[in-house]
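Here's a quick tour of one protein model, meant to be read with the structure open beside you.

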Amino acid sequence: MSTIEATKPRTEVGPLLKLVLELGPLMVFFFANSRGEWLASRFPVLGELGGPIFIATGLFMAATAAALIASWIMTRTLPMMPLISGIVVFVFGALTLWLQNDTFIKMKPTIVNTLFGAILLGGLLFGKSLLGYVFHAAFKLDDDGWRKLTIRWGLFFLFLAVLNEVVWRSFSTDFWVAFKVWGTMPITILFTFAQMPLIMRHSLERESAE
């Protein structure tokens, strides 16, 4: 590695670009599932993967890899949560295609959200508000604020895991795919905004200003 590469500072991705990197693979998944037969007729190699959900799974894996690579190229780092999510996508996506069983890709959100929830809540048992390590660059909160926010996010991740199980087990595959994109994301955004009062109350910048 050259001196220039070693000393190259990490850059922050803008909020809009970050949203594109996170939502892009989901939109690919939704489009490929809804237009699976059309894609198979235009690109026969995709048809070899199986039906629409399997085509969507293959393209979802490719889009996830592309998003992670783009993030690395732009920032020279990979955020922990997208990286863990990506690894689960590759593992469960590969099982889905290999065994031709869409149960694996449907369980991916359950596994990821349960894992995040368990890590956050488990960290509190050892006196660690792990959420602070993830969002320390975005927010400066006191210890009580990080603890409360970590509890809320931990429980929210477990809620998403249960919600995913209910949806994929109770409704059709098409409904689950649509809910994954148009249901889970708005719920997450609303939950995020709902935490702003807590963040403002425990902000260290606010305390300094006072």
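## Ground rules

This is a predicted model, so to speak of local features takes pLDDT of at least 70 and side-chain atom pairs count only at pLDDT 80 or more, while totals for chains, interfaces and linings use all residues. Numbering runs from 1 along each chain as its sequence is written, and side-chain values use heavy atoms, with hydrogens and water left out.

## Overall fold

The protein chain has 13 helices and zero strands (DSSP runs, numbered from the N terminus: H or I of at least four residues for helices, E of at least two for strands). Of its 210 residues, 35% count as buried, meaning under 20% relative accessible area with a 1.4 Å probe, protein chains only.

Residues 53-73 are 100% helix, with end C-alpha atoms 30 Å apart. Residues 151-171 are 95% helix, and their end C-alpha atoms also lie 30 Å apart.

## Aromatic pairs

The count is 11 aromatic pairs, using Phe, Tyr and Trp (six-membered ring) with ring centres within 6.5 Å; planes under 30 degrees apart are stacked, over 60 edge-to-face, and the rest tilted. Trp-153 and Phe-191 are edge-to-face, because their planes sit at 85 degrees, with centres 4.8 Å apart. Trp-153 is in helix α9 (residues 143-170) and Phe-191 in helix α11 (residues 184-194), so the pair ties together parts 38 residues apart in sequence.

Both Trp-153 and Phe-191 are buried.

Terms used
Buried means under 20% relative accessible area, exposed over 50%, partly exposed in between (1.4 Å probe, protein chains only).
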